[in-house]
Each structure stands twice: as structure tokens, then as C-alpha cells.
Amino acid sequence: MNSTNKPPREAVKAGAHDVIPSARSAWGKYAAGMALALLPFALLFDDPHWVNIIAVTYLMGGLAAAWNIIGGFGGQFSLGHGVFFGIGAYTTASLFIRFGWSPWLTMVPIAALAAGVAMLISWPTFRLRGPFFAIATLAFNEVAFVLANHMESLTGGPRGLMIPFKAGIANMIFSQRWQYAILMFCFVALVIGVSVWLRRSRLGYYLLAVREDEDAARAAGIDVLGTKLRGMALSAGLTSIGGTLFAMYLRYIDPPTIFTLSDIGVKFALLSLIGGIGTVAGPLLGAALIIPFENWLRAEFANSLPGVSLAILGLLMVLAALFMKRGIVGAIESLFKRLQGSKSKDRP
Amino acid sequence: MDQILTVLTVGILLGGIYGLVSIGLNLIFGVVRIVNFAQGELVMFGMYGTYFAYTHLHIHPYLSVFIVAPLVGLLGMVIQRLVIQPLTSEPNMQIFATFGLLMFFQNTMLAVSRGEAYSVGSMAGTGVLELGDLKLSSVRLVTLGAATLITIGLHLFLSRTMAGRAIRAVTQDKRAARAMGINVERTFLITFGIGAALAGMAGALLTPIYSITPAVGGNFILAAFAVVVLGGLGSVWGAYIGGLIVGIVEAFAGFYIDPVLRSAVWFIIFLIVLIVRPAGLLGQAGAEEVGFREQH
Amino acid sequence: MNEILGVHKVSKQFGGLRAVDNVSLSVNQGEIVSIIGPNGAGKTTFFNLLTGQIAPTEGEVRLNGQLINTLPPHARARLGMGRTFQIAKPLIALNALENVMIGAFLHDAPLSAARDKAMAVLERVGMAHLAARRAGDLTLSERRRLEVARALALQPQIVLLDEVMAGLNQSEVGHEIELLRSLHAEGLTFLIIEHNLKVVRAFSDRVVVLDRGGLIAEGTADEILNSPVVIEAYLGSGHAGSGREFSQLAAQGARA
């Protein structure tokens, strides 16, 4: 029979604990990280200009972290997450305007819808390799854009949807900006919490295996397509929730706002790349770096040099792909390793 | 019947445009095996370069080809050497890199031109050729003609010249080609240069038809992907025929269903081909693996 | 005797080429069966038929009596077929422990259980000290061993090794054989493809020889290495080196 049924010895158990962070350590870091993320808000909550930036940073950080689940952990670079974002935004807005249904109630069923759509459109496209998969997802985004423009009765067409300002917690419409910032913070805390959980779960490890080597994954009994679909569904559902929040914050959405790749679909991926693709903290770090910077660029140059912010972001993307593939988190980890020098965790 | 003929004609002429734009992408795709998201922007540069030559040097757009194409080709070689080559075994990072280039190029142009749209206007032609009841735009006819000539030229280049044969060898099997002494990196450089030059050429020829804006590349890139996949990687004639088919399908779909749904047409074609016949119409055997497996 | 892997009259046709021709093979519980043959004999294709990479044109493949012809690789892994790859495929960005956990997760969903099981397996193969080492930083022989560990974590009925000794030096090969022998002593069943005839001699109950897609000989290592049919197959395919190897090994007689 097989030798691995022997119960592990205590010494061995202790060793294993060193190699994989314990639950306490992982969640401890999470709590500390989220507290740190809350700090800027705590310091600046009475400045509406900064509160807006902070709120958007939290939201984009959460959306980037949602993308990171399938893009970073799973290695499937979807450029089409705008579709799920759009499902969240448009459906929430539509149901609220038409029937007055509270976004708090519709948020989750809509996320389930987005997850379902995600699985449906991913199922034929997951057999495509990296770049081809990316093109297919790009095409989905374009099709969604066209549909949003076309189906005027549902989406308001090119004119878009305007959500009336009926303030009230039940409507997820707040009169104070800082209340929105808290909402966005809860969102990013949720998504990153899911990421922490995922990274320590079987699904998370299976996603990593699929990313690293599909053949090896299969040899380990992993249903590669099934894993990808599950990761995509989770990612899409969380993205959809972000779309819901976006709609209720901006209260005006139209096809270009939702489906412009550089601002939405690709931005999620970009933030994850800069911060550290495949890491838990990376997406939020990327957002923290890029969103305020981009804001500043737009403010400075909007009239004199339109497009400068996106041009610089594009350049950053190229440079990051070439020189900083593991993002800020990766750079910090490399630094640590070099400082630690020969002090290794291996026992002789 | 008249209607059908008109729509067919529109489709064929549109197909000429698509074929023209896709030839360069197909070459790069098939040889270097990367998806160049920034290809549309190379077309855009071709258009702007032509406009500049037209307004400042008074050169007819069709003649600017000889200036613009080599310049854009040079840019292509720079891109290949500095951005693509370092990322040879990292397809996912290539996506970021070429998409980043797309954003960088598009928005730099936006900043430089302050968002103004340019046009070479009616200089090159509002001329119309009449064939019976059909009215054919002369500039589009020229484009179709150019696409045909370029396809023939490229075909001859690939089959008759040493450089062309090296390119085909590398397309089929990079490892074997290297073993035979072919400098693969240099072949990639030349290929990207040619592919970019073709894009620049397309830009020059399209200036009389399209209004020149920084985002004009977006008009073509998705359709070009559909064309390349439909025609089959590594096949020059595939891109040409694929362009015609996509143009015709789009024209008919636009006429009988809704013109707004063009991108849906491209996408559906793209998906159907990849699922049903990944090699495309004329693709080389094994080329379909690009979509499914990396080349060694 | 309990048949773990049953291959019955299996053939694979690629257009005009019959890559595998009417091969039958039976691997019983606790056995070590080696497959050898000159280059182009169809060993790789045959192996792919077993692992589920491709489906047979004719014949049956059974695992523990169950027909698995159309089952994809991951389903076969779940049913107890562990395998390694000719070119080792470690999950580079993960450390050694996590690599093995990927296999352990099959039977243990909670993180702690999979982690402990994986650690035990690493201990078993003598790599516990490398648990935190990034798989990309492992040497070739460590990577190969890691793959064996990952397969073991599946609690497999049978382990298929694809040229697991390729690229290893003399002493590394010796260590590997030691490990495999100790695993075998605990009752593990093996089917191996091997070019290294010394390994075959040291670690086989039965040897099966493929040539041009067909099974041309089957027997103990001694019988096979002395068989004129087999030597002819190797020499005939221009494999002169092996011919010498053969005579040498045959002359060595019962040396381990």
C-alpha cells in the first residue's frame, strides 16, 4: 500500500507550519493591511476632493483584486471584465430607476447573473491560448459596448442612464462623499478578504497550478477547464458588485463610461500588474499608486495635453511588462531577499 | 438582385481595406507568433505621416507611401527589438506590452494633435466609377487594387527571395530553422519591420477614405484579428481572401440586420473559426497551434 | 494477482501511420514493468494512450478493471494513475511543499491537511529540507524527485514514470533507484519507460520491448537483454551503441 498514509510526525508538522503561513499570520497581515489602507481616509475625510480620490482608489483596488483572481492567480488575462462591470452597473441602475429596487437587494443576484454569463462566454474561449484568449475577451467587451448602445429600451442607448438623487441608505445613495468612501472600502476589504481566503484554499492552489503548467495540473487530478470556470465566475461576480457600487456613486452611466478599455477593463489588469500580479496586496497597492497619480495628471493637463494620463499609463504598462513583471510587491520581496542575504529558511 | 449586387460590391471594397490592413498583422502573427495589439496604431501613424507629407510637403497621399512605409517599418523594428524580443517566452506579458504601446501611441497622438481630426479631403478623390448601375468609389477601388498588388508582391517575396524563404522556414519551425543556421532574431526583426511597413502603407492609402483621428486604429484592429484568424496564420493569400469574406459578411449583416452590429460580426467569425477550424481557411498545418500551444 | 493496469490489443492510427499496433500488456499489483525500445518505436505514443493524452483507435485500456479509453488525463489521475513527465514540469513559482500540496489536495481539501500530507511525502522522498525552496531553484534531480512526490501525494494505484532518469548523472541515478526501490518495497506498482538499460536491469520485474509500434518481446530483464530479437531491433535501427550496451549488460550477468 501507499506510504503516505502514515500520520505525520510532530516535528514534521512544525516544519510545515514554517513554510506555509498560518491562518493567524495571513489574516493578521490582512487586518493590518486593511487598517493601513483606511489611514488615508481617516486623515483626509473632511476634504471632499481627496475623499473622492480615496473612494475611487478603493473601488478600483477592489476591481483590480477581482480581476486578479482569474488574471493573477489563474493566469488567464481577460481584457473583457468590462462586461461583468457593465452587467453590474447597468442592471442595478436599470432596476433601481424602473422599479425602485434597492441595490443592496439586487446586488447579489446580479452578481450571480454576471457569474453565469462569465461561465457561458468563457467556456468556449478558455481553450484558446493567452493572446488569443485576450483577443476573444476584448471582442466580448466590444460586443457589449455595441449592445449597450443598441438596446435603448434597456440601457438608454447612447444617452445612458441617469439615477435620480434619492438619498437614503436603503437606496445606496449617500449625501456625503465620505459615506461612499466607507462603502468602497468595504468593497475592497471584501474582495481582498476573498483573495486571502482563496490563496489558502484548494481552488486557489488549483488556479495557481493551472497558471503554472496545465499539463502538470492535469497529472495532479485537476480539472483545468472547471477550475478556470470557477475562478472566472468568482472574479466576474465580484467585478459586478463593483459595477453596482460604481453606478450608485456616479449616478450616471453610458456605454463609453463603462466599456472604454483603457479606463475600465484594461485598467483593472494594469493596476494589478503595477502592484504585483498574482499577489494579494498587489492590486490595491497598484491602485493606491496609480489612481491619485492619474488624477493629478488629468487635472494638470486635461486642457493643454489631452490623453497625457493614458499615454503615461500605457508607457508604464510597457515598462512594467519589461522590467517589473512582479510589480511593486515583487520588487519589495526581491529587496527583502537581498537584504536577508544568505539567511535562508532551509534547514540543512 | 440589384440590391444584392450593391451590397456585395460594398462588401468587396470593404474587404479590400481589411485585407490591406490585415496583411501586416498576419505576417507578424504568423512568423513572430505574437499578437500585436498596436498594429492599428501603426496604421494611424501611416495616416498622420501621410497627412503631414500632404500639408507640408504637398505630396499626394498615394505617393507618400514611399516615405511613410519605410519610416513606420523602422518604428516596427525598434518595437520588435526593444519591446517584443525581451519578452519572447512570456506571451502574457506581451499582451501588456503591446496593449501598453497601443495606449501610449494613441494618446500621445491625441496630446500632440489636441484632439483635432484631420482629413486629406477630396484631393485624392471623390471620384466614382460607374459600372452599369453600380457606383464604385474610386479610392476604394484603388485600395482594393493596392491590396491585391501587395498580396501578390508579398507572396513573391516569400517564395522567391532568400529573406522570404528564411521567414517561411522560421514560421514553420523556429528550432529547425535555427539549426539550419538561420538567424531567427534577425528574421523576426525584418518581419516585424515589413509588417509595420505594410501597416504604414495601408495608412497612407486609406487617408482619402477615413478621417484621421488618434483612435482611427480602433476601426480596424478587431476586424483585422478576425481576418487573420479566418484566413489562416502564415498565409498571405489567406489574409487577402479573409479580408474579402469579412468585408462581404459585414456588408450583408449591416444591410439586412443592423450596421451597428459590425463588431459582433467580427467577433462571431473569430470565435466560430477558432472552434470549428482553428487553422483557418488557408493556414499552414501546425499554425493553428499558435492559438492553442506555444511554438518551441 | 490483482491487475492494476490492463492494456488489451491497443492500436493508434495517425492517418496512414500505425504508431501503436495491437499491443497488449498487463501490470499487476506490486509489479515493476519497464517499456524499452529503439527511438521511434512508439513508446511515447503508447505512454500517451495510457495517460489519456490521446485515445486509442482500437483496443481497451483498463485501470483496476475500469475502462478508461475516453477518460481525460485528470480523471485518470483521480482514479489512481500517477505520472511524471519526460521533461520535468515543476510549478516554478511555488515552493516544493506547495508543489506536492497540489497533489495532496486531491484527497484533502482543507489547507492544513493537504500541507501536512505533502510534508510527509516530502519527508518520505528525502526532500523535507527543501520544502520552502522555490521549485524553479531546484536542481534537475530534485525536480524529478519533486514530480515523483507530487504523484505520490495522489495516493496512486500505479505510478507511470516517463524517462525519470534522463539527464541524471551516475550517482543521482543510484539515489533515484534507491528511492524507487523503497517505494516499491511498500507495495507501490510501477510502469516505466526507460532508455537507460542499466536502470532497467536494476529496477524491473518484467521488461516489454516495443519496436515500430508493436510488442516484440516480453520477459525478465535477463531474458530480454540476451534476446537476439531485441538486439536485432536495436542494431537494426542503427542503434549500434545499444548493441554494445546489450552485450556488456548480458555479460555482466547477475550484477545489480
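The structure is a predicted model, in which local features need pLDDT of at least 70, side-chain atom pairs count only at pLDDT 80 or more, and totals for chains, interfaces and linings use all residues. Residues are numbered from 1 along each chain as its sequence is written, and chains are lettered from A and ligands numbered from 1 in the order in which they are written.

**Chain B and chain A**

- Chain B gives 39 residues to its contact with chain A, and chain A gives 35 residues; two residues are in contact if their C-beta atoms, placed from the backbone, lie within 7 Å.
- On the chain B side, at least two residues each come from helix H4 (91–113), helix H9 (218–231), helix H11 (262–276) and helix H12 (289–292). Helices (H or I, at least four residues) and strands (E, at least two) are DSSP runs, numbered from the N terminus.
- H4(B) supplies the largest share of that side, 17 residues.
- The side of chain B that touches chain A has 29 nonpolar, 8 polar and 2 charged residues. Here Ala, Val, Leu, Ile, Met, Phe, Trp, Tyr, Cys and Pro count as nonpolar, Asp, Glu, Lys and Arg as charged, and the others, Gly among them, as polar.

**Chain A and chain C**

- This contact draws 34 residues from chain A and 43 residues from chain C.
- Helix H1 (10–19), helix H9 (202–212) and helix H10 (214–219) of chain A give two or more residues each to the side that touches chain C.
- The largest share of that side, 6 residues, is from H1(A).
- By class, the side of chain A that touches chain C holds 15 nonpolar, 6 polar and 13 charged residues.

**Domains of chain C**

- Chain C is assigned domain 1 (30–80 + 157–256) and domain 2 (87–156), with bounds from an automatic or database domain assignment.
- The centres of the two domains, taken over C-alpha atoms, are 24 Å apart.
- Their contact involves 11 residues from domain 1 and 8 residues from domain 2 of chain C.
- On the domain 1 side, helix H2 (73–78), strand E7 (158–162) and helix H6 (170–185) of chain C give two or more residues.

**Helix H1 of chain B**

- H1(B) has a kink of about 35 degrees centred on B:Ser22; the bend at a residue is the angle between axes fitted to the seven residues ending there and the seven starting there.
- Of the 31 residues of H1(B), 22 are buried (20 or more other C-beta atoms within 10 Å of a residue's own, with C-beta atoms placed from the backbone).
- Just after H1(B), B:Arg33 has a positive phi of about 60 degrees.

Conventions
A residue is buried if 20 or more other C-beta atoms lie within 10 Å of its own, exposed if 12 or fewer, and partly exposed in between; C-beta atoms are placed from the backbone.
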